[in-house]
Amino acid sequence: MKRFFLLLLVVMMAWSAATQEIKSAPGEFPPPMRLTAQQDQENMMKQLGITVLRPGPSGNESDPNHANYDEALANPCPQLPELLLTKKGKKVTTPEIWWNERRPEIVEDFEREVYGRLPAGIPEVKWSVKISEREFVGWTPVIAKQLVGRVDNSGYPLISVDIKMVLVVPANVKGPVPVLMMFGRPSLPAPAQPSTEDLEKLNESFKAMMIAHNPEMKEIYDRYPAYTPITRTTGPNPFAPRGEGEPSPTEQLLAAGWGYATIDPNSIQADNGAGLTQGIIGLVNKGQPRKPDDWGALRAWAWGAARGLDYLETDPLVDAAKVGIEGVSRYGKAALVTLAFESRFALGLIGSSGKGGVTLHRRVFGEAVESLTGGEYYWMAGNYMKYGAEKASFGRKTGCDLPVDSHQLLALCAPRLAFISYGIPEKGDAKWLDQQGSWMATIGAGAAYKLLGAKDLGLSNNYMAEIMPPVNTGLLDGQLAWRQHDGGHTDAPNFRHFIPWASKMLKYEKTPAR
Ligand code: GCU
């Protein structure tokens with residue numbers, strides 16, 4: 001008996017030592033903080049000394065607090081920050097002054113006050129090809145690859161980030177081909193199906209497995225001798241007669257000899273404030289909340305796109321010098337941020353991006369600075385919240401206090417190709433997006449294109465005077481381009497203008513493969 005207790009004691013001691021050891025391992029990595037979006041936002045307000053934020057306006061025009069839609073009240077501070085004047089007051093008259101002095105100043109202001117900085121020590125991403133196969137998209141034979149970019153999380157194993165991307169390139173043209181990377185849900189377009197013989201083998205072994213698992217199954221199989229549980233999913237038939245409407249944007253790209261990649265923003269960073277202690281932002285911060293100039297979701301998505309481009313640079317099917325970035329709405333903002341900060345992207349199609357995208361922050365029309373400092377604060381750097389502060393240790397600030405505005409963000413893309421796309425409010429590309437404010441920013445940005453020897457919209461850069469062209473009138477003769485289509489909250493109707501424009505500007509001509 002005594003011996004038994006002694007043994008028990010020894011076992012218990014050993015067990016407790018072991019559990020202590022287990023406990024101390026995660027202790028090395030304190031778990032990520034779990035905050036609601038509101039708690040996270042309040043944490044940032046505290047860091048910034050803000051006590052009261054102005055609420056954002058309502059998007060519903062019948063609400064008493066609805067957004068302003070009166071053009072006469074839309075420009076409370078019509079003088080935009082100077083594009084071609086350094087902080088010291090030097091005129092930017094040469095590309096050298098732009099590249100060496102003015103552009104870095106603008107980058108710094110956007111990083112600190114608007115979108116946040118990329119932190120030091122972001123871990124490496126290792127790409128692997130999960131699936132690579134031949135498929136058909138409509139009439140076009142393609143090579144489709146499913147890719148995963150695994151972020152090294154050895155510095156904080158409690159958070160993992162796997163960037164999901166799919167690459168599709170036409171197999172009937174001579175490569176390498178230009179590629180448009182699109183923010184969206186990646187899926188293989190038409191996964192190849194097994195041949196009749198393979199399907200037969202799959203069915204045979206499936207049947208045997210089911211019967212081995214449950215002998216009763218034999219009876220059922222015997223009752224339906226011709227039944228095959230695994231059938232071929234009918235993918236798109238390349239020989240089927242074409243439907244009426246326009247081919248999809250991706251079909252149009254492939255037909256023009258372009259490839260496309262779809263990258264999943266949510267696999268990089270969640271689209272909500274509660275996710276800031278997770279995803280790539282959370283991983284780098286080891287699960288702790290952001291500092292005021294840390295990156296927000298838009299910058300994180302842009303970073304992820306740049307990592308996607310790292311992969312494309314290694315793929316011999318891709319002409320990595322001709323890779324574009326595309327997105328609509330919040331992803332239109334992300335596409336612009338990507339193009340502005342990542343100069344290896346040669347072009348961008350910026351769809352219905354609104355505030356935080358091409359639209360001027362200073363404009364008070366539709367979506368407001370206060371919308372982006374409210375529910376969608378996590379898209380931006382913490383510091384951006386200052387411009388929605390009603391009461392704070394530093395006083396009150398509005399969009400008019402921002403040191404930069406979106407004409408300068410677009411100017412960071414110069415002289416590379418940027419196509420600004422909108423639809424019309426009647427079809428659902430709401431006034432909320434402020435097409436006019438985006439037009440003004442595009443006009444203003446043109447001065448940087450001209451300075452760098454590229455072509456802008458072909459108008460002056462007087463953003464208070466130039467008049468927005470009618471719907472369906474493209475200004476597509478320059479590296480900076482504009483077109484408002486007559487559809488809704490999408491850029492799809494502009495693809496048949498975007499693709500020829502991009503091919504021409506990049507001097508790309510598709511050559512059939514032999
Ligand atoms: C909201 C938001 C916009 C955003 C849009 C979207 O309307 O205010 O900023 O662009 O959602 O992404 O669908």
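Reader: Let's start with the ligand. Which residues are around it?

Author: Keep in mind that the model is predicted. The residues around the ligand are Ser 329, Arg 330, Lys 333, Glu 367, Glu 376, Trp 379 and Trp 432.

Reader: How do those residues divide into nonpolar, polar and charged?

Author: The shell around the ligand has four charged residues, two nonpolar ones and one polar one.

Reader: What should I look for between the ligand and the side chains of Ser 329 and Lys 333?

Author: Look for N or O atoms paired with an oxygen atom of the ligand. In the side chain of Ser 329, such an atom is 2.7 Å from a ligand oxygen. For the side chain of Lys 333, the distance to a ligand oxygen is 2.8 Å. Trp 432 also has a polar side-chain atom, 3.1 Å from an oxygen atom of the ligand.

Reader: And how much of the ligand does the protein bury?

Author: On its own, the ligand would expose 310 Å², and the protein buries 77% of that.

Reader: Now the helices. How do I describe α4 and α5?

Author: Two packed helices are described by the angle between their axes and the distance between those axes. Here, α4 covers residues 196-213 and α5 covers residues 216-223. Their axes come within 7 Å and cross at roughly 140°.

Reader: Which residues make the contact?

Author: From α4 there are Phe 206, Lys 207, Met 210 and Ile 211, and from α5 there are Met 217, Lys 218 and Tyr 221. By class, that contact has five nonpolar residues, two charged and no polar.

Reader: What about Ser 352: is its phi positive or negative?

Author: Ser 352 has a positive phi, near 40°, although it is a residue other than glycine. You'll find Ser 352 in the loop between β8 (347-351) and α10 (369-372).

Methods: Residues are numbered from 1 along each chain as its sequence is written. This is a predicted model: local features need pLDDT of at least 70, side-chain atom pairs count only at pLDDT 80 or more; totals for chains, interfaces and linings use all residues. Side-chain values use heavy atoms; hydrogens and water are left out. A residue is near a molecule or strand if one of its heavy atoms lies within 4 Å of it. A polar contact is a pair of N or O atoms within 3.5 Å; within protein, one must be able to donate a hydrogen and the other to accept it, and residues adjacent in sequence count only if both atoms are side-chain atoms. Accessible areas come from the Shrake-Rupley method with a 1.4 Å probe; for residues, only the protein chains shown count as cover. Ala, Val, Leu, Ile, Met, Phe, Trp, Tyr, Cys and Pro count as nonpolar, Asp, Glu, Lys and Arg as charged, and the others, Gly among them, as polar. Axes are lines fitted to C-alpha atoms, for helices over the stretch in contact, and angles run from 0 to 180 degrees between N-to-C directions. Helices (H or I, at least four residues) and strands (E, at least two) are DSSP runs, numbered from the N terminus. Contact means heavy atoms within 4.5 Å.
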